[in-house]
Amino acid sequence: MPDVVWRLRLRLDLHHYQKEPMSVYPRVASFKSFQAFTDYLKEIGVDLPCDESVASGDESPLGRSMDVDGVNVGNRFCILPMEGWDGTNDGAPTDLTVRRWRNFGISGAKWIWGGEAVAVRHDGRANPNQLLMTEANLSAIEGLRNELMSAHEERFGRTDDLYVGLQLTHSGRWAKPNEKATAEPRTAQRNPALDPRVKVTDDSAIISDDDLRRLIDDFIAAAVRAEKAGYRFVDVKHCHGYLGHELLSGVDRKGDFGGSFENRTRFVRDIVAGINAAAPSLKIGVRLSIYDFMPHHPGEDRVGEPVPGADPRLVWGADPSGMGIDLDEPSKFLSLLESIGVKMVCTTAGSPYSTPHIQRPAYFPPSDGYLPPEDPLVGVARQLRATAELRRSHPGMTFVGSGYTYLQDWLPNVAQAVVRAGWVDSIGLGRMVLSYPELPADVIAGVKQQRKKVCRTFSECTTAPRNGMISGCFPLDPFYKAMPERKLVQALT
Ligand SMILES: Cc1cc2nc3c(=O)[nH]c(=O)nc-3n(C[C@H](O)[C@H](O)[C@H](O)COP(=O)(O)O)c2cc1C
Ligand code: SF4
């Protein structure tokens, strides 16, 4: 759809969104002292370790290097994958993509978990501007890595302890490869709570076993290209409701890739075996939604509630109510990964489409979301504790955690405490590095946090692409703040 039509649609929608009520929870910025913040955590029953002061330097808990399956990684910060909806129609990076990756490079984090989701073939793109790992794009995607490396080298003088991988994906149910507004879903199975959102009315959107076999080959080919492009590992994405993740919950799917645990994990097993054969020195990681809840939608007063009629059996990592965590299968899945040589995992939860409050806790919902049904700090603690539990039961694996950004001013304090307590090996940062790229470097150097750059979870980086625009931190990053899109996005959140 042409941009001008999108903008017109946005304007027509403004009236509706401006009337929405606000979240009722206290803002994190309102806690002016360590005591006030930790008292509030106690008051709402959130058990989260938090250190009063944060140490700096290379030997501090967050500055210390670690060994990740034989690779030296220089500190305990990791940049989580984040796409910007800003590639070319052919799936090559643009100047905006390069800027984001250079910012990842200057962050000071020594682990880059995938950069952003890169589709392994065209029909798996989440939007027509998602990067695509074709032969034709190989050198441009190599260039992205090189830009990140040189930005890091210029700022920190070395890259031998910087570990950079590429996230490989097929967007499955959420694919929109050709038009920003046209869903072209390839699903693992029918799901009554999710099908209407992507206009699925019969079984024709279910991806066939034969096509899954071809897709496995596409993942392997993309991994080989990633290695040629200089990436030291690939992430075989299994999170956020995209195809790899949806297959894990495919209990109703017939055939070789559905039903039993063995069948539901065939996809990842075959991809890993194929990559190991074709690119033996390339390391493999998996980003995994370790639990999910039933799909949510806005209820009364726009507060999120489960979609009526949602089927808890189709929710990966949930208990029989579909609203609580059951880590039995996710834990079994991690044991399986470890047994096939996958030693690193990046934990996340839920889906940004159907359960954004558990995936990326936020004070302000994106335009297609809902007001948080719980204090977002509850959602943060849930992710951190579930990761800790899995790390305890899988001591041979290295864990990167997610969901820290909502902690805002207290992110470094909680990050240090959870690393010290052995809850996680590396602190994954998403939205915070869009608004405040140098946060890891500032923490390790002992520089006072720059409060005006701290992400306040306005969700504009999600609202913009949901309405056909590029993503970026429109409220806080001066580069995006100056763009004409800013006013449109602002009015929608
Ligand atoms: C703009 C944006 C783009 C994202 N793109 C991806 C992606 O390409 N792949 C992925 O696994 N997660 C993606 N995520 C999810 C983040 O990696 C992360 O899990 C989430 O933002 C929660 O972490 P945070 O609290 O630090 O933001 C994206 C998030 C945002 C805000
Ligand atoms: S737009 Fe900026 S402030 Fe808002 S959630 Fe995204 S990164 Fe944070």
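Residues are numbered from 1 along each chain as its sequence is written, while chains are lettered from A and ligands numbered from 1 in the order in which they are written. Because the model is predicted, local features need pLDDT of at least 70 and side-chain atom pairs count only at pLDDT 80 or more, whereas totals for chains, interfaces and linings use all residues.

**Ligand 1.** Select ligand 1 and the 24 residues that surround it, the closest being Leu-80, Ala-117, Thr-405, Gly-430 and Arg-431. A residue belongs to such a shell if its C-beta atom, placed from the backbone, lies within 6 Å of the molecule. Two or more residues of this shell come from each of α13 and α15; helices (H or I, at least four residues) and strands (E, at least two) are DSSP runs, numbered from the N terminus. The shell around ligand 1 has ten nonpolar, nine polar and five charged residues. Here Ala, Val, Leu, Ile, Met, Phe, Trp, Tyr, Cys and Pro count as nonpolar, Asp, Glu, Lys and Arg as charged, and the others, Gly among them, as polar.

**Helix α12.** Select residues 411–420, where eight of the ten residues are buried (20 or more other C-beta atoms within 10 Å of the residue's own, with C-beta atoms placed from the backbone; exposed means 12 or fewer, partly exposed in between). Among the buried residues are Leu-411, Pro-412 and Val-414. The buried residues of α12 pack against α11 (376–393), β13 (426–429), α13 and α14 (439–445), contact meaning C-beta atoms, placed from the backbone, within 7 Å. Just after α12, Gly-422 takes a positive phi of about 75°.

**Phe-156.** Colour helix α4 (residues 138–156), in which Phe-156 lies. Is Phe-156 buried or partly exposed? Phe-156 counts as partly exposed because it has 16 C-beta neighbours inside 10 Å. Glu-59 is 97 residues from Phe-156 along the chain, and their C-alpha atoms are separated by 17 Å.

**A helix contact.** Finally, show α5 and α8 together: Leu-212, Ile-216 and Phe-219 are among the α5 residues of the contact, and Phe-267, Asp-270 and Ile-271 among those of α8. The residues of this contact divide into ten nonpolar, one polar and one charged.

Technical notes. Two residues are in contact if their C-beta atoms, placed from the backbone, lie within 7 Å.
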